[in-house]
Amino acid sequence: MAASVRERQTVALKRMLNFNAPPLKNTAVEPVWKVLVYDWFGQDIISPLLSVKELRDMGITLHLLLHSDRDPISDVPAVYFVMPTEANIERICQDLRNQLYESYYLNFISAISRSKLEDIASAALAANAVAQVTKVYDQYLNFITLEDDMFVLCHQNKHLISYQAINRADLQDTDMEAIMDTIVDSLFCFFVTLGPIAACLWGSGGFSCWFLLQKLDKKLRENLRDARNSLFTGDNMASGQFSFQRPLFVLVDRNIDMATPLHHTWTYQALIHDVLDFQLNRVVIEEGAGAEPSPAGARPKKKNKKTYDLTAADRFWQKHKGSPFPEVAESVQEELDTYRAQEDEVKRLKSIMGLEGEDEGAISMLSDNTAKLTSAVSSLPELLEKKRLIDLHTNVATAVLDHIKSRKLDVYFEYEEKLMSKSTLDKSLLDVISDPDAGTAEDKMRLFLIYYITSQQAPSESDLEQYKKVLLDAGCDLSPLNYIKQWKLFSRVMNTGSQFVMEGVKNLVLKQHVSLTKECEQGRRGPETDEYRYFDPKLLRGKPVSGGESAIVFVVGGGNYIEYQNLVDYTKVKQGKKVIYGCSELFSAAQFIRQLSQLGQK
């Protein structure tokens with residue numbers, strides 16, 4: 001795990017875009033100009049990793065969706081990056097028949113089946129385009145990397161493997177099998193991209209986790225046993241298959257902790273995801289253009305939408321995304337003050353350069369400041385980029401602050417922290433949720449659900465009815481509560497989950513995974529219990545080999561930025577430890593509430 005997940009997936013994408021050959025390091029050589037054709041899945045994988053400028057530098061003149069209307073460009077090669085679905089295969093065959101491009105480099109996000117490969121071959125033969133189909137590759141890139149140490153399985157069709165999909169009451173065995181196969185396929189792709197290392201597997205949670213672990217273990221084991229076609233062999237074989245520093249893969253069920261996804265957070269990245277439209281590292285903000293009253297009878301003005309990319313190249317974002325929001329606001333102001341000081345210096349030097357030459361003092365000053373002005377001019381691009389980032393974070397932070405003030409999110413955050421850490425409450429829960437000026441109906445429901453989940457004893461029927469009345473008066477939908485009541489009653493991990501969440505949000509993930517990290521450090525096999533199972537695809541028998549330096553924590557049923565930040569903070573405390581956080585889908589509290597509501601209505 002020397003290179004990050006983001007670096008490995010980016011390298012794989014760049015290799016693919018260079019016709020599956022290592023990219024040239026000599027930037028003076030002009031790249032081969034080409035067209036990139038992708039589906040929605042391919043777009044979601046590429047967009048957080050490669051900017052339009054980077055694609056252009058690699059020779060991508062056009063990037064088009066597979067199912068869009070595309071004109072023929074007969075003298076340019078096309079690189080396809082799509083899922084091997086029936087609809088996509090049919091469209092590729094149509095492109096071959098229409099002879100849209102000079103040559104075709106077909107790259108499938110997941111492995112394509114033999115029957116679908118034969119369909120492409122038949123279409124190529126019928127269109128007399130066999131020579132134009134230059135290469136066909138399985139890329140095994142069916143996951144989305146959002147950070148150096150964070151990935152999700154999908155964004156498109158994520159409802160198919162959502163918490164609701166896995167936990168719905170009418171779930172059939174065939175449905176569960178299809179969900180598990182989808183998750184296993186993506187996790188297998190993740191391991192292939194990570195390198196020639198198949199990790200030990202350790203699961204915590206219900207039946208779904210154990211079922212998934214068995215299927216993943218089987219798929220990894222079968223590939224490792226196939227020496228000719230194994231995806232985990234190669235140059236790094238010696239440091240991979242027989243390494244004693246393999247990462248521990250920890251699979252956990254969302255049901256072990258239902259409070260954290262509902263929690264009002266206080267760190268920058270998690271707040272943006274909670275209150276703004278933040279997807280795949282891109283945030284969309286509605287500007288207040290439509291706030292002005294329109295003339296009588298006129299149509300209300302549409303609000304303008306502004307889009308910002310929060311990327312790895314943004315140093316301010318990388319430094320402060322995990323910081324408490326008040327610190328971020330102070331840092332934005334400090335950056336702005338620094339920029340203004342630099343800008344004033346450039347203006348002062350410009351003024352000096354405009355002095356009349358007859359004055360000997362002016363000539364001397366001119367001579368002294370020429371070098372300074374030259375340096376200032378050369379730093380102008382950097383200064384302009386700094387200004388762009390300051391404007392970006394000023395706008396984003398202002399939008400977040402508007403939500404905090406209008407909804408009193410600081411009150412909710414502090415109250416939930418006290419609930420989850422069993423601290424003394426300074427006001428009653430009824431007072432908070434009945435305050436018409438504090439929060440939306442959704443905020444009130446989130447707070448009450450956290451109270452209900454973390455309570456050692458459920459409230460009495462009379463108290464519950466009183467809470468329900470206040471929630472209904474506030475406009476709340478009680479369907480999520482219906483499901484949480486069932487979950488607390490029947491969940492197999494109820495006691496464990498309650499214990500974890502009662503320890504407080506900041507210790508939730510850390511407390512759970514400190515013990516796992518100790519297991520890695522000691523390099524020994526922990527005891528199998530009703531909660532945990534070990535699988536090691538590389539061993540027929542005996543003790544699994546695991547390293548003490550790294551772990552991969554994966555949550556089935558959805559994850560969030562709060563847990564991710566907890567693990568990042570943990571690795572800062574434990575020097576030398578590396579933890580990658582992954583989840584089947586990344587949802588905000590609002591999205592999770594909607595899933596609970598749908599479950600509670602059935």
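1. Of the contacts in the protein with a separation of 6 or more, 78% are accounted for by residues 24 or more positions apart, where contact means heavy atoms within 4.5 Å. The structure is a predicted model, in which local features need pLDDT of at least 70 and side-chain atom pairs count only at pLDDT 80 or more, whereas totals for chains, interfaces and linings use all residues. Residues are numbered from 1 along each chain as its sequence is written, and side-chain values use heavy atoms, with hydrogens and water left out.

2. The protein has 602 residues, of which 51% count as buried, that is, under 20% relative accessible area with a 1.4 Å probe and protein chains only. Its accessible surface comes to about 29,100 Å², and 51% of this belongs to carbon and sulfur atoms; the areas come from the Shrake-Rupley method with a 1.4 Å probe.

3. The protein contains 23 helices and 15 strands, taken as DSSP runs (helices H or I of at least four residues, strands E of at least two) and numbered from the N terminus. Five of the strands form an open sheet with parallel pairing in the order S2-S1-S3-S4-S5, two strands being paired if DSSP finds at least two bridges between them. Strand S2 (60–65) and strand S5 (133–138) are the edge strands, each pairing on one side only, and the twist from one strand to the next averages 20°.

4. Within this sheet, strand S3 (residues 73–82) and strand S4 (residues 101–108) run parallel and are joined by seven bridges; Ala78, for instance, has Tyr104 in S4 as its bridge partner. Helix H4 (residues 86–98) lies across S3, S4 and S5 and runs at about 165° to S4, with angles running from 0 to 180 degrees between N-to-C directions of axes, which are lines fitted to C-alpha atoms, for helices over the stretch in contact.

5. A further open sheet has three strands in the order S10-S11-S12, with antiparallel pairing. Its edge strands are S10 (277–279) and S12 (305–309). Five bridges join strand S11 (residues 282–286) to S12, and the bridge partner of Ile285 in S12 is Lys306.

6. Helix H17 (residues 441–454) packs against helix H23 (residues 589–600) at an angle of about 75°, with the axes 11 Å apart. H17 and H23 are therefore roughly perpendicular to each other, a term that covers angles of 65 to 115 degrees. The contact is made by Glu442, Met445, Arg446 and Leu449 of H17 together with Ala589, Ala590, Ile593 and Leu596 of H23.

Terms used
Buried < 20%, exposed > 50% of the residue type's maximum accessible area, 1.4 Å probe, protein only. Parallel < 35°, antiparallel > 145°, perpendicular 65-115°, else oblique.
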